[in-house]
Amino acid sequence: MTSGGTRPKVDFRLVTAAVRLAYRAAPGAAVAQALIAIGGGLLPVLVGVLTKMVVDRLAGLDGGPVTTVIGLAVGLGVAGVAVATLPHLFGYVDAEWRRAVAVRAQADLYAAVDRLPGLVRLEDPAFRDHLNVADSAGRHSPVTIAGSSLELLRSIVTIAGFAGTLALLNPWMVGVLALAALPTAQAELRLARQRAGLFWRLSPIERRQYFYANLLTGLAAAKEIRLFDLGGLFGQRMIKELRTLNAENRRMDRREVLVQAGLAVVGAVVAGAGLIWAIVAARGGRLSIGDVTIFVAALAGIQGAVASGIGQVATAHEGLLRFTHYREVLGTAPDLPLPAEPVPVPPLRGGIELRDVWFRYGDGHPWVLRGVDLTIPPGRTVALVGLNGAGKSTLVKLLARFYDPTRGSLSWDGVDYRELDVVQLRNRIGAAFQDYMSYDLSAEENIGLGDTTAFGDTGRIVTAAERAGVHDVLTALPHGYATQLSRTFADPDDRDDESSGVLLSGGQWQRLALARSFLRAGRDLLILDEPSAGLDAEAEADLHQRLRGLREGRTTLLISHRLGTVRDADHIVVLRDGVIAEQGSHDELLTNQGAYARLFNLQAAGYQPVPG
Ligand SMILES: Nc1ncnc2c1ncn2[C@@H]1O[C@H](COP(=O)(O)OP(=O)(O)OP(=O)(O)O)[C@@H](O)[C@H]1O
């Protein structure tokens, strides 16, 4: 986490950003909480004053009609009701406020992530760490910070009210209390800083613990965990992280208990001394019994409010530290330089050119592409082949401008990619990625996501499914194309209905992903990265037969390890260690007797009978 980088700074701009977000999300709730805070701050003072007046009248020190006492008692009762109900009202408004802030914070956060044009940030571990905390920080921290500020206001109102009352009885006592509050404030703030530091230090451990916990309960690793019997190992590692967390937290808790106990003793000594003075003063006739009651209430009220106020500062500080992660994500710069005036992307006429393209994923990473020169002519099929790690998928990512080349350039009809409108560019591309997605949605949505204008257009979706050879599979599902392809989102009513969510096989999922890309078959460039890797031999032959028809006259980049499926491409490019080793038609490459011929013959030999 950010733990790897510098510790985030908490400054006033951060406070205003959090408070602004909290206010804008629900101005009504913010104002209501402010009023509740002020009311809540004044109430203890009001109760104290009313109690003093009632006690003095009952003691006969302050004559007057009995109705006045009854009026005061009623006032006391009303104040008591307010004291009892305000926390509930506060809790309700607080929850409402948090809900409103959550909607706004999440909308802003995910819009910020969606605005990132490339993949660089999402692959950056530091940014991922910010993201991990940003979601919950955005939802909770603004209200925590604003709420703590209001609670602080409440404490200040209480302190001011009681201090004023106390000053009338014994101005010295106000001074003594202020002096006693100083070490309390200092100690509490120190604790808050230590707590924040601990949060910072422990967050990587906490994330590791979550990682193992999710691994143990998630579906992704369930098969390997069971077959390789990894549950015990991961469980032990999770518990080890948890024990480390517990040990660190325990150490902090102990420190806190000691400090708090010390502060409580100081507070009790000050309160005790004050009480002795009040009793002596009352015996000497300098204070009434009512004065003694309000003196005691003021002492307790001020001490409580000081402790609470300082506690709120600590809570706000911690909330601000978390909020830095949210702000980091929202303020992150685009990971690709976007032109101020992007050039509109025309339909592809002249082709795509890669000129001396060098690429690596980061300064410390090895070169993946090393001086690639390549032309993808319009209306033709270029096949890209090469061993694992040669850089084929990386080249695909550059073609969709998920990254910019580290050196060299790509151009679309002669215009540099960096000058083009990136959204329009992607709009002109259809792709089936090697690591395609399987969405926990219905079959028709899984296809329709390729072009959301096709949502609800059964004709287009069925055509795409037919082209990918998956139509028959989908019509045979319990609810046809409407069948949910996961049980993750089963309705409570459907949980026991086995037909409400169906899981497809790996090859069926791949064909569904292809259908999704075929929705964009009319686009200017179709990229197919290992489109048949998960298909059985029959399905693969069938798919490539269909693809031949689909590719006709369309610009296509086809990547495949099975060279039999690319032999009829217009142009075959062999990539080796990030360099184009050779290129040409299938026949030319076989004649060359180079890397392609060697790989092709190796694969062909695999299909020949083993010599006896
Ligand atoms: N996001 C990434 N960050 C860092 N390195 C990466 C990333 N993606 C790929 N690489 C590295 O780039 C190199 C090329 O990977 P690429 O996926 O382009 O190869 P490929 O030719 O498509 O391989 P395969 O045939 O196995 O799919 C590999 O060494 C890989 O480790």
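L528 stands opposite L558 in strand 8. This pair belongs to a predicted model, in which five bridges join strand 7 (residues 525–529) to strand 8 (residues 555–559) and the two strands run parallel. Helix 10 (residues 392–399) gives the most to the shell around the ligand, with three residues.

- Six strands form an open sheet in the order 6-7-8-3-9-10, and their pairing is mixed.
- At the edges are strand 6 (429–432) and strand 10 (579–584), each of which pairs on one side only.
- From one strand to the next, the twist averages 15 degrees.
- Helix 10 packs on this sheet and touches strand 3 (381–385), strand 7, strand 8 and strand 9 (571–576).
- The direction of helix 10 makes about 155 degrees with that of strand 7.

**Helix 10**
- Seven of the eight residues of helix 10 are buried, so the helix is mostly covered; buried here requires 20 or more other C-beta atoms within 10 Å.
- The buried residues are K392, T394, L395, V396, K397, L398 and L399.

**Ligand shell**
- There are 13 residues around the ligand, and Y361, N388, K392, S393 and T394 come nearest.
- K392 and T394, among the nearest residues to the ligand, are also among the buried residues of helix 10.
- The shell divides by class into three nonpolar, eight polar and two charged residues.

**Positive phi in loops**
- Most residues other than glycine have a negative phi.
- D229, which is not a glycine, has a positive phi of about 55 degrees.
- The loop that holds D229 runs between helix 7 (222–227) and helix 8 (231–283).
- Is D229 buried or exposed? D229 is exposed, because 9 other C-beta atoms lie within 10 Å and the cut-off for exposed is 12 or fewer.
- Q593, also a residue other than glycine, has a positive phi near 60 degrees.
- Q593 is found in the loop between helix 17 (586–592) and helix 18 (595–606).
- Q593 counts as exposed because it has 10 C-beta neighbours inside 10 Å.

**Annotated span**
- An unreviewed UniProt entry places the feature "domain: ABC transmembrane type-1" at residues 144–318.
- In the model, residues 144–318 are 93% helix and 0% strand.
- The end C-alpha atoms of this span lie 9 Å apart.

Note on methods. Residues are numbered from 1 along each chain as its sequence is written. This is a predicted model: local features need pLDDT of at least 70, side-chain atom pairs count only at pLDDT 80 or more; totals for chains, interfaces and linings use all residues. A residue is near a molecule or strand if its C-beta atom, placed from the backbone, lies within 6 Å of it. Helices (H or I, at least four residues) and strands (E, at least two) are DSSP runs, numbered from the N terminus. Ala, Val, Leu, Ile, Met, Phe, Trp, Tyr, Cys and Pro count as nonpolar, Asp, Glu, Lys and Arg as charged, and the others, Gly among them, as polar. UniProt positions are given in the numbering used here, feature names are shortened, and annotations may be inferred rather than shown by experiment. Two strands pair if DSSP finds at least two bridges between them. Axes are lines fitted to C-alpha atoms, for helices over the stretch in contact, and angles run from 0 to 180 degrees between N-to-C directions. Two residues are in contact if their C-beta atoms, placed from the backbone, lie within 7 Å.
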